[in-house]
Amino acid sequence: MKPFAYVRATSLREAADAYAAHPGSRYLGGGTNLVDLMKLGVETPTALIDISRLPLGEITELPDGGLRVGAMVRGTDLAADPRVRTRYPLLSQALLAGASGQLRNVATTGGNLLQRTRCAYFQDLSKPCNKREPGSGCGAREGIHRDHAVLGHSEHCIATQPSDMAVALAALDAEVELYGGPDTTRTVAAGEFHRLPGDRPEQDTVIRPGEIITGVVLPPAAPGAVSLYRKARERASYAFALASVAAVLDLDDGRVRRIALAFGGLAHRPWRATTAEARLTGAEPHPDTVRAAVDAELARAEPLRDNAYKVPLARNLACDAVAALAGTHPGSPATP
Ligand SMILES: Cc1cc2nc3c(=O)[nH]c(=O)nc-3n(C[C@H](O)[C@H](O)[C@H](O)COP(=O)(O)OP(=O)(O)OC[C@H]3O[C@@H](n4cnc5c(N)ncnc54)[C@H](O)[C@@H]3O)c2cc1C
Ligand code: SF4
């Protein structure tokens with residue numbers, strides 16, 4: 001075990017200062033991903049800066065009808081919040097579709113967004129991995145890549161983004177709040193927070209060194225809009241998405257006023273299906289129309305040797321989700 005320092009921060013300022021004082025340190029949320037990676041030797045921080053006791057554990061109403069979720073809100077509490085269940089059911093469903101009850105009791109909203117890929121080569125120090133060790137190669141490209149990306153990958157990395165919650169937040173047009181110091185705060189659209197790998201796969205997101213996620217802002221839900229999250233996985237619980245879809249549908253007199261579709265398990269970031277959304281806006285959500293729009297989106301897919309199955313899987317999930325939402329509209333939020 002490589003020795004590391006432990007610092008318990010009592011304020012954001014103190015946390016940022018501790019990060020600056022310990023080059024190579026990491027913030028500690030629930031630790032459910034970071035500590036696992038430390039045990040594997042993938043993460044070797046010089047210091048753990050514990051931010052879990054910062055006062056960021058509240059879900060608060062915003063004047064415009066949205067919600068602000070503090071970065072330390074645990075997955076269990078976020079999924080169970082009555083306001084989230086009522087106004088943003090897809091977010092609650094995405095959280096409950098991930099990990100296990102025990103993990104969700106500990107995992108934080110900030111840490112969930114920054115969890116690392118589950119690519120087995122990334123977690124195995126004996127294998128090449130450009131994400132873990134830039135320039136060492138990508139073991140998965142010609143190796144075992146059944147779970148890997150079909151959209152937006154690069155010759156340098158074909159990993160997928162693992163968070164279910166991030167996919168729901170992308171579909172909801174949520175925003176991620178970041179603190180870089182007393183005079184450096186900013187927000188980033190959740191759909192832009194994760195990045196495609198390009199030639200810098202070691203960088204999962206647009207977060208800058210030392211920045212702390214302080215919260216996530218959910219915009220007000222449109223009255224009458226319905227939403228759901230669907231996830232396909234190897235077993236019924238405790239498994240990451242092979243493919244998933246987060247969908248929000250708002251119909252006006254039988255036509256799509258607004259639709260948001262985001263895929264998980266297909267790319268290095270939640271994949272917002274903007275081509276499908278544009279085709280469906282203003283149209284009647286007839287199954288043939290939806291299928292054609294989703295196919296147009298997935299025409300961009302570049303499957304690898306062993307993961308072409310993800311394209312029809314994602315298409316079927318999306319078509320099924322939209323059909324379920326269209327069938328239940330208007331009225332109460334759809335059930336998965
Ligand atoms: C067996 C197992 C199954 C799982 N299945 C799923 C699944 O199906 N779906 C799913 O979505 N997830 C799944 N997970 C992952 C789980 O959701 C994550 O481990 C968890 O959300 C991470 O949150 P945490 O607070 O524990 O993060 P930590 O482990 O504390 O931190 C993760 C990363 O985020 C950084 N960090 C934490 N908080 C902040 C902050 N506020 N600001 C800046 N940096 C921060 C840390 O430095 C670290 O790099 C699974 C995990 C396990 C172990
Ligand atoms: S897919 Fe990405 S994370 Fe996996 S081995 Fe290749 S470079 Fe590493």
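Predicted model: local features only at pLDDT ≥ 70, side-chain atom pairs only at ≥ 80, totals over all residues.
**Exercise 1. The site of ligand 2**

Describe the residues around ligand 2 and the space that the ligand takes.

*Solution.* 
- Step 1. Count the residues. There are 15 around ligand 2.
- Step 2. Pick out those that come nearest. They are Cys 119, Cys 129, Cys 138, Cys 157 and Ile 158.
- Step 3. Sort the shell by class. Ten residues are nonpolar, four are polar and one is charged. Cys counts as nonpolar in this sorting.
- Step 4. Identify the space. Ligand 2 takes up the largest cavity.

**Exercise 2. The surroundings of Leu 298**

Is Leu 298 buried or exposed? List what it touches.

*Solution.* 
- Step 1. Locate Leu 298. It is found in helix H11, which covers residues 287-298.
- Step 2. Apply the cut-off. Buried means under 20% relative accessible area. Leu 298 has 5% relative accessibility, so it counts as buried.
- Step 3. List the contacts, leaving out residues up to four places away in sequence. Leu 298 touches Leu 151, Phe 263, Leu 266, Val 311, Ala 314 and Arg 315.
- Step 4. Compare sequence and space. Pro 312 is 14 residues from Leu 298 along the chain, and their C-alpha atoms are separated by 8.9 Å.

**Exercise 3. Salt bridges**

How many salt bridges does the structure hold? Work through the pairs of Arg 315, Arg 269 and Asp 252.

*Solution.* 
- Step 1. The structure holds 24 salt bridges.
- Step 2. Take Arg 315. Its side chain meets that of Asp 295 in a salt bridge, at 2.8 Å from N to O. The pair links distant parts of the chain: Arg 315 sits in helix H12 (residues 310-328) and Asp 295 in helix H11, 20 residues apart. Arg 315 counts as buried because its relative accessibility is 18%. Asp 295, at 30%, counts as partly exposed.
- Step 3. Look for a network. Salt bridges that share partners join Arg 26, Glu 43, Arg 116, Lys 131 and Asp 204 into one.
- Step 4. Take Arg 269. It forms a salt bridge with Glu 192, with the closest N and O atoms 3.4 Å apart. This pair also links distant parts of the chain, 77 residues apart. Arg 269 is in the loop between strand S11 (255-264) and strand S12 (271-272), and Glu 192 is in helix H9 (residues 190-193).
- Step 5. Check both partners. Arg 269 is buried, because its relative accessible area is 19%. Glu 192 has 48% and is therefore partly exposed.
- Step 6. Take Asp 252. Its partner is Arg 257, and the closest N and O atoms are 3.9 Å apart. Asp 252 is partly exposed, with a relative accessible area of 42%. Arg 257 counts as partly exposed at 46% relative accessibility.

Methods:
Residues numbered from 1 in each chain as written. Chains lettered and ligands numbered in written order. Heavy atoms only, no water. Near = heavy atom within 4 Å. 1 Å grid on protein atoms, 1.4 Å probe; cavity = no way out; pocket = protein on both sides within 12 Å on 5 of 7 lines; lining within 4 Å. Sits in = over half its atoms within 2 Å of the grid points. Helix = DSSP H or I, 4+ residues; strand = E, 2+ residues; numbered from the N terminus. Buried < 20%, exposed > 50% of the residue type's maximum accessible area, 1.4 Å probe, protein only. Contact = heavy atoms within 4.5 Å. Salt bridge = Lys/Arg side-chain N within 4 Å of Asp/Glu carboxyl O.
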